[in-house]
Amino acid sequence: MTTTEAGAALAGANATDSARAGLSNLRGQGTGQADPARVSAVVGAALEGIRAAIRDNKVTYEEFDAFKQWLIAVSDTGEWPLFLDVYLEFEVEKVAAQTQQGSVGTILGPFWLDGQAQLTTPATLPMRDDEPGTPMILAGQVTDTDGTPLRGATVDIWHTDDEGWYSGFASKPPAGNLRGVVACDDEGRFEIHTRKPAPYTIPLDGPTGQMTQAAGWSPWRPAHIHLLVAAPGHRTLTSQLFFTGDPYLGNDVASADKPELTLDPQPTGNGDEVRSDRDFVLEPGQD
Ligand SMILES: [Fe+2]
C-alpha cells in the first residue's frame, strides 16, 4: 500500500518534531561537548566522501545546483529525520551493536512517539472497533544476559495498521492507534494482542522519496513491528521484528532487516489469529 500525498507530507513534518527532542538519546548518553579532533575526523571524512563522488563521477554545475535545491527541499519539507533514518541510521546502529550484548537490535526510525498508552500484560494495543488486519499475539520474556527474568521490564511497541499507516504520522488512524508501552509481569513476561502490520513505502511525494525513485531504488519497507525493550539497570534494546515470506525482506529501503529478526507467526486456532513468541535479552548497563 502506498502512502497518499497528504499522508506522506504529514509523515515528514511530524518526524522533524520528534527528532528535535533528541531521540538518539534513547540509546545512550552524549558528552554534550564537541571534541575538535573528533569533529575534524568525522566531518572531514564525510566531506571527502562527497568530494570523491564529485571527482569520480565528474559532477556538473547543473547537477551541483540540483543537489543544492534537493537539500533545501529536504529542509523545507521537514524530511531530514526521514532521510537520515532511512539512509544512514543503519550504519550508526551497526557501530552501536558492536558493543551491545544480548538480543539483536536495529534502527529506531523516525516514527516513535512518546506519551503512548501505558498497559499491563496481557495487553491489547489501542485500536479501532473495526481495526482491519490479521489478529496477532506477540508474546515472550525479557531476561538478563545470564538468563535472569527481569522484573520491571517494559515493551514499547508501535507499528503500522493493515494499510501501512502510522498513527500520529498519517491522517487515517486515530492518535495512539497500535501504539503502547506494556509493563511485563514479575517474571519479565509479556503478551501483546494487536494486528499484523503491512509493508509500506517511505513518503513518495517528498524529496527523500523523489530521490529514491530518481535513482530507481525500491521505496518499500517490509512489514515490521518496532520495539523498545527496557528494564531498570539494563541497556534499552531498540529493535524491529519482520515476517517470513515478506516480499521486501532483503530489499528494505532503510537497510534495517536482519535474518535474526524474522518472525513466523502460527495460527492459534482462534479464527484467523496468529501468534509469535520472541524472548529478549538485555545487557546490564544504563537504562
Ligand atoms: Fe517503521
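Residues are numbered from 1 along each chain as its sequence is written. Because the model is predicted, local features need pLDDT of at least 70, side-chain atom pairs count only at pLDDT 80 or more, and totals for chains, interfaces and linings use all residues.

**Exercise 1.** Describe how strand 4 and strand 5 pair.

Solution. Strand 4 covers residues 154-159 and strand 5 residues 179-183. Their pairing is antiparallel, over five bridges. Tryptophan 158 stands opposite arginine 179 of strand 5.

**Exercise 2.** Identify the residues with the most contacts inside the largest nonpolar core, then list the contacts of isoleucine 192.

Solution. A nonpolar core is a set of buried Ala, Val, Leu, Ile, Met, Phe, Trp, Tyr and Cys residues joined through C-beta atoms within 7 Å; buried means that 20 or more other C-beta atoms lie within 10 Å of the residue's own, with C-beta atoms placed from the backbone. The largest core has 37 residues, and Val142, Val155, Ile157, Ile192 and Val229 have the most contacts inside it. Strands supplying at least two residues each include strand 3 (135-144) and strand 6 (189-195). Contact requires C-beta atoms, placed from the backbone, within 7 Å. Leaving aside neighbours within four places in sequence, isoleucine 192 contacts Ala123, Leu125, Ile137, Leu138, Val155, Ile157 and Val182.

Note on methods: Pairing = 2+ DSSP bridges. Helix = DSSP H or I, 4+ residues; strand = E, 2+ residues; numbered from the N terminus. Buried ≥ 20, exposed ≤ 12 C-beta atoms within 10 Å, placed from the backbone. Contact = placed C-beta atoms within 7 Å.
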